[in-house]
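This report covers side-chain packing, an aromatic pair and salt bridges.

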Amino acid sequence: MLKRQTVWLLTMLSLVVVLSVYYVTAPKDMNDNIAFTSQEDATKQKESNKDQADVAVEEMETADGKVTSSTSSDDMFTALRMQIEDERSRLRDQLNAIVASANATAQQKSEAMDKIEKLQALAEKEATLETLIKSKGGYEDVLVRAEDDQVRVTIKAKEHSKKSANEVIHMVKSEIPEANDVAVEFQPAG
């Protein structure tokens, strides 16, 4: 029993060290908080994401001097994924610090471990949903963001309809039954 606890503790400590090094060496512009406090803020964030997709343009100069542009919504999806992962890494670090703390009570440590497990399960559900939605719908890219009882799905697709949005909502509800608020947003594929 003692050997298993020692291995577990060493594993957690090494995870904390690796994540701390990552956090220290990560670019500072990725450390933005993306949590929403109200539905109004969520609407503003959705509009901001849409504006970012419209504004995120790469300009390329051709040999004859003309400037062409193409949207980089792939970059936006990647940036959002990195923001989400960074935020969750920081939360995991805080929870791991509680677990490793000598001052924390057994109940606090247990609650922290439960939260760590919930974070991991949520990340797995998001990845599963992204793969499922992408394969069933034939979409170019899918981003699923779940927080509490809210799930936001952003889909990069050439075509979309209310029927496809309803299918996505049903997939989300089957994978995450506690989701009360499911928002599906389509972005044009390049």
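Contact here means heavy atoms within 4.5 Å. The model is predicted. By that criterion, and leaving aside residues up to four places away in sequence, Ile-155 touches Phe-77, Ile-133, Tyr-139, Asp-141, Val-142, Val-168, Val-184, Glu-185, Phe-186 and Gln-187.

Ile-155 is among the residues with the most contacts inside the largest nonpolar core, together with Ile-133, Val-151, Val-153 and Val-172. This core has 19 residues. At least two of its residues come from each of helix H4 (106-137), strands S3 (141-147) and S4 (150-157), helix H5 (162-175) and strand S5 (181-188). Another core, of six residues, lies apart from it and includes Leu-95, Val-99, Met-113 and Leu-119.

The structure holds one aromatic pair. The ring centres of Tyr-139 and Phe-186 are 6.1 Å apart and the planes stand at 65°, so the pair is edge-to-face. Because Tyr-139 lies in the loop between H4 and S3 and Phe-186 in strand S5, the pair ties together parts 47 residues apart in sequence. Both residues are buried.

There are ten salt bridges in the structure, including these:

| Salt bridge | N to O distance |
|---|---|
| Glu-87 and Arg-90 | 3.3 Å |
| Glu-126 and Arg-88 | 2.7 Å |
| Lys-134 and Asp-141 | 3.7 Å |

Glu-87 and Arg-90 both sit in helix H3 (residues 73-100), three residues apart. Glu-126 in helix H4 and Arg-88 in helix H3 are 38 residues apart, and both are buried. Lys-134 is partly exposed at 33% relative accessibility, whereas Asp-141 is buried at 12%.

Methods:
Residues numbered from 1 in each chain as written. Predicted model: local features only at pLDDT ≥ 70, side-chain atom pairs only at ≥ 80, totals over all residues. Heavy atoms only, no water. Core = buried A, V, L, I, M, F, W, Y, C linked by side-chain atoms within 4.5 Å. Buried < 20%, exposed > 50% of the residue type's maximum accessible area, 1.4 Å probe, protein only. Helix = DSSP H or I, 4+ residues; strand = E, 2+ residues; numbered from the N terminus. Phe/Tyr/Trp six-rings, centres within 6.5 Å; stacked < 30°, edge-to-face > 60°. Salt bridge = Lys/Arg side-chain N within 4 Å of Asp/Glu carboxyl O.
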